[in-house]
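Visitor: I am new to reading protein models. Could you walk me through this one, ring by ring?

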Amino acid sequence: MAAPPNVTTKAMSGKFIMNKSLSDSADEILRLQGVSWFKRRAISVFTLTLSVKHTTDEAGVEHIDIDQTLSGGISGTSEDRILDWEERDDDDDIFGAVIGKSRRIAVEEVADEFLKKDWTQDTIDDGVVLAVARSNPSKNKLTWTAEQTWGFSVVNGERRYVRHTTFTSSDKKPIPLLGRTYNFRGHAFTIAVEPTVLRLTRPFTAAWLFVTLVPAYIIAFAFLTRAQWFLTPSSSFVDCTSVFWTQNAGCGLNGELCAPFTNVSFDFRCPAQCSSVVLQNPRLVGNVEVDFVPLLVGGGDSQRTYRADSFICASAVQAGFISDSTGGCASLQLVGNFTNYLSISAFGLTSIGFPSNFPMSFQFSPSSVLTHCTDLRNPVLAFNILITCALFLVLRPKAIVTYWCLVCIGFWHIALFSQPQATPPPLDVAFGAFLPALFVCYAFWRVAVRFTMPVFANAPFESMIWYLAPYWTGVLTNLTMAQIPIDRLTPQDIMQQPGGLVALIIIILVLLVIAINQVRVIRKTGYLPYYLGWHVIGGLVVLVLALLPGLEFRLHHYIISMALFPGTGFPTRLSAIYQGFLLGMFLNDVAAFGFDSILQTAADLVRDGPTGSPLPTFLTNSSTYNAAVTLANQTISWAGIPSDLVNQGWNGFSLLVDDVELYTGTALNYSLAAIEAGLPHFFRLAYVNNGAPGDFTMPATLWPNGTWVDPLPGPS
């Protein structure tokens, strides 16, 4: 409907109905102002009516009061404009906290060309109404400014009330690096990769195609999972640290808990990448301490005989029966007692020797029973990488859909292929971690990803690089970070592993550089005090938790991701990189280990290492041992239990001879009559508390020539 001539910018009272067919879409502006998708859809569906009351007060200041009504009589927001060019705060129901100011201004004084053009003569004579609104930086996370000029224009031959709007936002879309013109030494050249990708893939962006391909992917992934785990008997699976003989006294007196020792055959299947699974605490084999390598003892003889506490899968790789990259099946035979295990280096693995005897050993032969033995993690990885690339490059769904695809694909790739919690993977445990992981990932979307990923909508190739490269690096943290000599962020682990402290310093420096850059970005938005406040509160909470008695604070990878993610919610390329990596690292931790507690006891952190329990003392030493006495008449002895330890519950001893528990009881000596002469022997002693041994001493060594070597101080 045309506006009558008597309605001008100096007399605007009346009702105006918005003509959507003559108006540009405001959806993108509303999105940048933080208006939710549901509200934007409602605005696009309903027709807007403005009821304008234009008055002048006693001081001569104009007031323009506007009530908005949606079709059906639904009340909208109100605008109360005072044309005195003074800033006023307002909490708008749709736009949030804003600061606005308005005035009448001559058309020629308007700076922006778009805001000053196409007005009728009466508007030019009377001036336009200039209304400026911006987000309140103290209350609104988004930073934007909207400038409007109000007046009357001739549209399609009719005089109509018109608002011209310019909008600027901190949520600017970066100009694609592969879709812009560059100047080099006076020559201009254009790279049009992104426009070409957009043009060629436009036919594949239909929603129906995506909806069709999603169930197809799920079915394909289910078949791959079935082929990986459920075509081989579950009883045949062993994991990378499976052994037949557990350390120290784990097999009981004379190894009875691990019997039988011989005449047993076992067909098994190993996963891939077992060569990289190593000991995380020092382990004694005789008098040799091994750590941060797969436990391999023997294998150097012609029959490839290994001591029974060797990692089965790593032994099979070294023996050449399975591949480290694809896993495989083999058959294992227990061959009982063996003497003088020889070391060997083969297939990238090196075993250690053991010069004495041991009651249980094993050898390998090819398996003729098991089928479907190939580990599919690498083909599935290639498949999933291809799918995620297609999401960014070809299908290009909305950013929120792409994000949730990344969450689901990454979680289940880890849980079922790259780092399952057991072999075969426990699906109940995986689903138990999946739901809370989705809640956390929704928080990631709300606080960060929704402000970054959508701005790369017109740069799919660039977006794929910035997100997917760090995302898959994070998803495969167990591989990509394997060479960093830090397993857990605890003082003991960092100091125990060679290079751990240096690696930690480098990581801290890298994080410091990243943090400084993000602080620079955040400061530009005006939200730096807000972020600093929350991080100070978080730091105080961590400090309180770390000081709780009897507990130690564990900084898990998923905690790091949750702490850092909010600081990446900005439309920059570096923020996209950080989001990709942090999302992948979060998924890796929760899918592979679950939401492990941030507070753990010292016993939890020890794993299979020393617990710090008291150590007994050998009375037999290099000075008192008489080499002239034969083993049949030789006895070794140790000191009794001090009274203060008796009061703590220590009531006996456990003696390991050649890494096998051969004595447990209260006696203070042990006869060597039963051990074999002509071989070196190794003795370790521990106190016992109600049948449970504490830490064992370092080994005392008796060489075949009768030389006794005293144990080193400390636990083994």
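Visitor: How many aromatic pairs does the count come to?
Guide: Rings of Phe, Tyr and Trp (its six-membered ring) pair if their centres lie within 6.5 Å; planes under 30 degrees apart are stacked, over 60 edge-to-face, and the rest tilted. By this rule, the number of aromatic pairs is 42.

Visitor: What kind of pair do Trp144 and Phe167 form?
Guide: Their centres are 5.9 Å apart. The angle between the planes is 20 degrees, and the pair is stacked.

Visitor: Where in the chain do Trp144 and Phe167 sit, and how many residues apart are they?
Guide: Helices (H or I, at least four residues) and strands (E, at least two) are DSSP runs, numbered from the N terminus. Trp144 is in strand E8 (residues 144–155) and Phe167 in strand E9 (residues 158–169). The pair links distant parts of the chain, and the separation is 23 residues.

Guide: A word on the ground rules: this is a predicted model, where local features need pLDDT of at least 70 and side-chain atom pairs count only at pLDDT 80 or more, while totals for chains, interfaces and linings use all residues. Residues are numbered from 1 along each chain as its sequence is written, and side-chain values use heavy atoms, leaving out hydrogens and water.

Visitor: Are Trp144 and Phe167 buried or exposed?
Guide: Buried means under 20% relative accessible area, exposed over 50%, and partly exposed in between (1.4 Å probe, protein chains only). Trp144 and Phe167 are both buried.

Visitor: Why is the pair of Phe618 and Trp708 edge-to-face?
Guide: The ring centres of Phe618 and Trp708 are 6.3 Å apart. The pair is edge-to-face because the planes stand at 75 degrees.

Visitor: Which residues does Ser315 touch?
Guide: Ser315 is in helix H7 (residues 312–318), and it counts as buried because its relative accessibility is 0%. Contact means heavy atoms within 4.5 Å. Not counting residues up to four places away in sequence, Ser315 touches Leu296, Tyr306, Ser310, Phe362 and Phe364.

Visitor: Which residue has its charged end over the ring of Trp85?
Guide: A charge sits over a ring if NZ of Lys or CZ of Arg is within 6 Å of the ring centre and within 35 degrees of the ring normal. Over Trp85, 4.3 Å from the ring centre, sits the charged end of Arg103.
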